Every structure is written in C-alpha cells, then in structure tokens.
Amino acid sequence: MKTYAVPATVKVYAATTDRRSVGSKFEIAILALPEMLGEISAWQDLSSRAAEDNVYYSPQYALALLDSVSKHEEVMFVTARDGEKLMALLPVVRTRRVFGSCRVWTTDYTFSANPLLDAKCLATAADALVEGLALLNTSVWKIPTVNIAGPAALALIAALERRGVPWTSHAAFDRASLSSTLSFEAWMATLVCSKRRRELARNRRRLEELGKVTHEVHTSGEGLRRGVEAFLALEAAGWKGARKTALACASETHDFAIRAFSPDHPMSGSRVDIFLLNGIPIAAGVIVFSGETGFTVKGAYDEDYARYSAGLLLEVEVLKSFLEEKWAKRLDAATTGDHVIDRFWPDRVQVADIVFSMAPVGGTVQLYLYKGMLNLQDKLKAAAKRLLKR
C-alpha cells in the first residue's frame, strides 16, 4: 500500500492505481426517496443480509426520520443491485458546501453511518457503492461514525484503495458494546467491582422501602406504545426537557419517536424496559433491533430518584434479561463517546469517520485541507463546551 507524501499532521492512505471493475451484473443507481419507497421490501431484505447490522439505515428507523425530522431534506440513495436484490445502499443528501454538493445523510439521531453491504459479496458491493458515490461529483466525502474495524468499513476502505482514492480517518473514539456470551453471574462477579455491587444492592433496598419495585418489558402492541410514551414523559420531565431537547418537546421529534419505536411500522422491532415504583415509571430504556443487534438508542429516568440510581438499577435488569434470555446477539450502546454505560459493558467498538477525496486532480491536497477544516471545527466545539461549563 502506498502512502502519499503529505504533512505529518494528517495520515492519508491510498492504494496503487490498479482498479477492479464492478461486476457487470450490478446495476448502480441514485434513487430519490419516492423511488426508494417502492423498494421497501428489497431494502429490508438487504438490511437483514448486511455484513454489519445498522438500525439507523434500516427502513423502520430511516423512514421515521424521513417522515419527520428530515422531511425537508433532499435525501437520495446510492444503490447497487443484482436483479431484484439490493446489494449496497447508502443515503446521501444534497447540501451547499465548499467541497461538493452532497454529503452522507445523518441526523442528530443517527449514531452510525455504516453502509448496508451484502455480506455474501462484500468486496463487489463496496466497489459498486464507491462507483455510485463517484457519480455524484462530490470531491470530498465524510462517512461519519462507522465501525472502523468492522467488515463494512474495511470493505469500503479496500474498495477506495482499489480505486486509488486517498483516505484518512477522523474523530476516533470507543463505543461500548456487549455480547451475550457471559452469564449474568459472571458479569456481576468479574465486571462489576464489589463496591459498586454493594452500592447497587443498597440503593435497591432503599428504593424498596418506598414501595413496590417492578420491571416491565414491552415489545409489541399497546404495551409497547405505552412504554414509548412513558419514556417520552420521563425524558421531557428531566434536564433535556428543561433545555427543550427532549423528543417530546417538538412535534417532529415526537412523531419520529412514535414511528421509530412503536409498532405502527410493519417492520418495527423494538423493546422498551420500564422500572416502576408503586406502578409509576421512574426509568425507561428503548432498544431498537436490526438483525441480531440491539441498539440502546434512548434512556431516561426520574431525577427525583437519582440518588437511588434508578437508571443504573434498570440497566442491571436489562442486562440480566439480555444475558439470561439472549434475545439479541449483541448490544450496541449508540453513544458518541464516554458514557456511564462504559463501566458496565466490557466490549468496545472502534468508531471513526472515514474521509476521502474523489477529486480527479489534487485529491490529496483537498483531503488535507478538508481534514484541517474538520480539526478546526473540533477545536471550536471543544472551546464552546468549555465556555458553557463555566
């Protein structure tokens, strides 16, 4: 693999200039949303066959956003198909920016942009996706928050290298993950320190002194709907509600939550866990499924019970159920960095942005300039956060 000569502040990778053509049986197309709505079954099928589960680009979750939060954006879908089967998919959106007219479509509620690539022909599907992105004439692309060491990202990087496209990574962090290989007893004994176990047990006893403590699980029907509404109410009553960032604070985000988390959508797969005191919810968590992975997209608790660690006590109940009943192969924390859940989940997924330039001339220079712009944006955001904490 060849490394281009660029300043030491950015490491850029590229392959030799030999290229492999996309298989002739693959048809590459850029589909507008109305066209994609006619491909729901094929889209769901690809989501179930993808090399890596990604609920954020599943029909269930993505359409909920497209009907609410993103309803004014011009979203398109870069696709490759083999006959009736979709083999690759990545949504993009038109935008005005310095380095091109499109970007990968994400929202504040999209925690991974892993493309959907067919697991059985991963390399060819990745080649086709890169070819599709090239059709949009955007010089510099950023595919954010992908599992950089996962099969989808590795296939995408290999496809870029086969095409001779310079690339780099940006904004790397570790995201908590949990597999179902442990027993609950092993998890408590080896991964939760004795001090924390005593604290949790003491808080549970203190809470039980106030009344009856129960844990409910809802996965379908009216129960799931009530569970979603209980979560929305808890979130709105807390600090997110005070800042007007809770999902229930705006009609668009409320509609998104109902559509994405409740059973109205025919392809929905969700679970809401509720922790109750005397029948009243004091903590709730939402898990949305794609393939064999559960994504813990949202959680909230009644801040009046913060001193009892109500949120953590619910987390223990969820983990006990997950490890004993094995209703998913893996849980993904859906976080953007350091989180309290890191103390309880031992596995880590390496997450980063993949940034690359498809400019026919001066691609490495453009990539270097774009990476510098991203670094400057990161510094400005960090400075703004420090000012807010003062």
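Colleague: Which residues is Ser 70 in contact with, leaving aside its neighbours within four places in sequence?

Modeller: This is a predicted model. In it, Ser 70 is in contact with Leu 65, Trp 105 and Thr 107, once neighbours within four places in sequence are left aside.

Colleague: Where is Ser 70 found?

Modeller: In the loop between H3 and strand E4 (75-82).

Colleague: Is Ser 70 buried or exposed?

Modeller: Start from the cut-off: buried means under 20% relative accessible area. Ser 70 has a relative accessible area of 2%, so it is buried.

Colleague: With which side chains does the side chain of Ser 70 make a polar contact?

Modeller: One is the side chain of Glu 73, at 2.9 Å. Another is the side chain of Trp 105, at 3.1 Å.

Colleague: Take Ser 180 next. Where does Ser 180 lie, and is it buried or exposed?

Modeller: Ser 180 sits in the loop between strand E9 (167-179) and helix H6 (184-191). Its relative accessible area is 12%, so Ser 180 is buried.

Colleague: What does Ser 180 touch, not counting residues up to four places away in sequence?

Modeller: Phe 322, Leu 323, Lys 326, Ala 328 and Lys 329. For a distance, take Gly 285, 105 residues apart from Ser 180 along the chain. The C-alpha atoms of the two are separated by 19 Å.

Colleague: Now helix packing. At what angle do the axes of H3 and H10 cross?

Modeller: Helix H3 (residues 59-66) and helix H10 (residues 251-261) cross at roughly 160°, and their axes come within 8 Å. Angles over 145 degrees count as roughly antiparallel. That makes H3 roughly antiparallel to H10. H3 passes H10 in a right-handed crossing.

Colleague: Which residues make the contact of H3 and H10?

Modeller: From H3 come Gln 60, Tyr 61, Leu 63, Ala 64 and Leu 65. From H10 come Phe 256, Arg 259, Ala 260 and Phe 261. By class, the residues of this contact are seven nonpolar, one polar and one charged.

Colleague: How many residues of H3 are buried?

Modeller: Eight of its eight residues, so H3 is mostly covered. They run from Pro 59 to Leu 66, with Ala 62 among them.

Colleague: What is the general idea behind spacing in a helix contact?

Modeller: An α-helix has 3.6 residues a turn, so residues three or four places apart point the same way. Keep that in mind for the next pair.

Colleague: At what angle do H4 and H5 pack?

Modeller: At about 60°, for helix H4 (residues 122-134) and helix H5 (residues 151-163), with their axes 8 Å apart. The crossing of H4 and H5 is right-handed.

Colleague: Which residues of H4 and H5 meet?

Modeller: H4 brings Leu 122, Ala 123, Ala 126, Asp 127, Leu 129, Val 130, Glu 131 and Ala 134. H5 brings Pro 151, Ala 155, Leu 156, Ala 159, Leu 160, Arg 162 and Arg 163. The contact of H4 with H5 divides into 11 nonpolar, no polar and four charged residues.

Colleague: What is the phi of Lys 244 near, and where is its place?

Modeller: Phi of Lys 244 is near 65°, a positive value in a residue other than glycine. Lys 244 belongs to the loop between helix H9 (239-242) and H10.

Colleague: Is Lys 244 buried or exposed?

Modeller: Exposed means over 50% relative accessible area. Lys 244 has 66%, so it is exposed.

How values were computed: Residues numbered from 1 in each chain as written. Predicted model: local features only at pLDDT ≥ 70, side-chain atom pairs only at ≥ 80, totals over all residues. Heavy atoms only, no water. Axes fitted to C-alpha atoms, helices over the stretch in contact; angles between N-to-C directions. Helix = DSSP H or I, 4+ residues; strand = E, 2+ residues; numbered from the N terminus. Parallel < 35°, antiparallel > 145°, perpendicular 65-115°, else oblique. Left-handed = near helix turned anticlockwise from the far one by under 90°. Contact = heavy atoms within 4.5 Å. Nonpolar A, V, L, I, M, F, W, Y, C, P; charged D, E, K, R; others polar. Buried < 20%, exposed > 50% of the residue type's maximum accessible area, 1.4 Å probe, protein only. Polar contact = N/O pair within 3.5 Å; in protein donor to acceptor, adjacent residues only side chain to side chain.
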